[in-house]
Amino acid sequence: MSIVKKTIGLVLSGGGAKGIAHAGAIKFLNEKNIYPDRLAGTSAGSIVAALYAIGKTPGEILEFFQSIYIFHWRHLTFKKAGLIDSESFRDNFHSIFKDATLGDLNIPVQVTATNMVRGRLTIFDEKTKIVDALIASSAFPGIISPYEINGETYSDGGILNHFPSDVLYGQCETIIGIYVSPIQKIKAADLNSIRAVTTRAFDIFSANSDTQKFTVCDWIIKPEELSIYSTFETNKAKMETIFNIGYEAAKNSFSELNL
């Protein structure tokens, strides 16, 4: 008697540097021989999904995030609608993905972004270049400038869908969600910059809409310890800690699912 394997979908939320926890959780899943058949990701989640789908190991994904210092002077802009120029990250992504499209990935990945003019969620098709899709999906409003693709202007997919579990609904028999954006614990004194206020507002908005989408998932991995970390964490040692938090959260919440 043959055993029919259920198709597995993996949903990766946005979360900036906290998205590194996705890679840690994926490391645990793979150790349990759990491999996704499809992925959906927003912002940092889309980056992890694409890196994994092209064959990068969780450890290599961590190294990729550690290699990018987002607030390096060469990323700054005074001419665009953001503190950081989204275009300045093209080389980082192109070094890995070249001119490949989403359809070229080893595992299907659905990447979301927000069309800022039309006010609609976009799920990029297989013909979209991976580099373009990832930068558009990760263009955090107010911090990273909007990104243009074929005359359309995009910002972070998390504006309209921070946790795209609904994107995989009906496509997979089992859906696993990794949510790395618990509300950060702060004090009033912490709201002392444009970046801090913008990030806080985004986190609050996202959290209120995301929890409703947890019901779509068969297993939710939520590393609550991430609440003390910044969306724009740049310390390499802390990034490794975030990775380990993701791994432990997956391990601690694991139950024998009928996969």
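A salt bridge is taken as a side-chain nitrogen of Lys or Arg within 4 Å of a carboxyl oxygen of Asp or Glu. The model is predicted, so local features need pLDDT of at least 70 and side-chain atom pairs count only at pLDDT 80 or more, while totals for chains, interfaces and linings use all residues. Residues are numbered from 1 along each chain as its sequence is written, and side-chain values use heavy atoms, without hydrogens and water.

**View 1. Salt bridge between D99 and K129.** The closest N and O atoms are 3.8 Å apart. D99 has a relative accessible area of 48% and K129 one of 37%. Both count as partly exposed, the class between buried (under 20%) and exposed (over 50%; 1.4 Å probe, protein chains only).

**View 2. Salt bridge between D132 and R90.** The closest N and O atoms are 3.0 Å apart. The pair links helix 5 (residues 130-137), which holds D132, to helix 4 (residues 90-97), which holds R90, across 42 residues. D132 is buried at 14% relative accessible area, whereas R90 is partly exposed at 27%.

**View 3. Salt bridge between E152 and R118.** The N to O distance is 2.8 Å. E152 lies in strand 6 (residues 152-156) and R118 in the loop between strand 3 and strand 4, so parts 34 residues apart in sequence are tied together. R118 is partly exposed, at 48% relative accessibility.

Terms used: Helix = DSSP H or I, 4+ residues; strand = E, 2+ residues; numbered from the N terminus.
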